[in-house]
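Please look at the sequence and the 3D structure shown below, and keep both in view as you read. The report that follows goes from the whole chain to particular residues.

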Amino acid sequence: NNTLKDVFDYEPVQKDWKPEYESLLMGIQACMWTEFCNKPEDVDYLLFPRLAALAEVAWTPTGTKDWSGFLKRMDVYNIWRKKGLFMPVRCIISSKR
């Protein structure tokens, strides 16, 4: 199980790559295995804020990530969420028609 810090510290461009390989990287992705998730809240607990950390990895230039700044931004997010000013959205598509 990856901690929030593990996800934040991930560098998609590996140190042993040849310089010309970096331009071939098209993006990053995350997987969520749900065999131990019994309800949507379990998935939310495991994904957030890890997904926010992965987004930070994706859009922050190599070597410029700021762990303390990220934690402060997550604190602000959590304050808004607790006040009910942030509405999480979940798209549920039924296969039954």
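## Overall layout

Among contacts in the protein between residues at least 6 apart in sequence, 61% join residues at least 24 apart, where contact means heavy atoms within 4.5 Å. Helices (H or I, at least four residues) and strands (E, at least two) are taken here as DSSP runs, numbered from the N terminus.

This is a predicted model, in which local features need pLDDT of at least 70 and side-chain atom pairs count only at pLDDT 80 or more, while totals for chains, interfaces and linings use all residues. Residues are numbered from 1 along each chain as its sequence is written, and side-chain values use heavy atoms, with hydrogens and water left out.

## Surface and burial

The accessible surface of the protein comes to about 8500 Å², and 59% of this surface belongs to carbon and sulfur atoms; accessible areas come from the Shrake-Rupley method with a 1.4 Å probe, and for residues only the protein chains shown count as cover. Of the 97 residues of the protein, 15% count as buried, a word that stands for under 20% relative accessible area, whereas exposed stands for over 50% and partly exposed for values in between (1.4 Å probe, protein chains only).

Val-76 has its place in helix α4 (residues 67-82), and it counts as partly exposed because its relative accessibility is 45%.

## The nonpolar core

Which residues make up the largest nonpolar core? It consists of six residues, namely Val-7, Phe-8, Ala-53, Leu-54, Phe-70 and Met-74. Helices α1 (4-9), α3 and α4 each supply at least two residues of this core. A nonpolar core is a set of buried Ala, Val, Leu, Ile, Met, Phe, Trp, Tyr and Cys residues joined through side-chain atoms within 4.5 Å.

Not counting residues up to four places away in sequence, Phe-8 touches Ala-53, Glu-56, Val-57, Lys-65, Asp-66, Trp-67 and Phe-70. One of these, Glu-56, is found in helix α3 and counts as buried because its relative accessible area is 9%. With its neighbours within four places in sequence left aside, Glu-56 is in contact with Phe-8, Phe-70 and Arg-73.

## Salt bridges

How many salt bridges does a search of the whole structure find? The search finds four, a salt bridge being a side-chain nitrogen of Lys or Arg within 4 Å of a carboxyl oxygen of Asp or Glu. One of them joins Lys-5 and Asp-9, whose closest N and O atoms are 2.9 Å apart; both residues lie in helix α1, four residues apart, which is about one turn of the helix. Lys-5 is partly exposed, with a relative accessible area of 33%, and Asp-9 is also partly exposed, at 40%.

Another salt bridge is formed by Lys-65 and Glu-11, with the closest N and O atoms 3.2 Å apart. This pair links distant parts of the chain, for Lys-65 is in the loop between α3 and α4 and Glu-11 is in the loop between α1 and α2, 54 residues apart. The side chains of Asp-42 and Lys-39 also meet in a salt bridge (3.3 Å, N to O).

## A cis peptide bond and the cysteines

Most residues other than glycine have a negative phi, and most peptide bonds are trans. In this model, the peptide bond from Phe-48 to Pro-49 is cis, with omega near 10 degrees, and Pro-49 is found in the loop between α2 (40-47) and α3 (50-59). Phe-48 is partly exposed, with a relative accessible area of 41%, and its C-alpha atom is separated by 9.0 Å from that of Leu-4, 44 residues apart along the chain.

A disulfide is taken here as a pair of cysteine sulfur atoms within 2.5 Å, and by this rule the count comes to zero disulfides. Is Cys-31 buried or exposed? Cys-31 counts as exposed because its relative accessible area is 55%, whereas Cys-37, with 15%, is buried.
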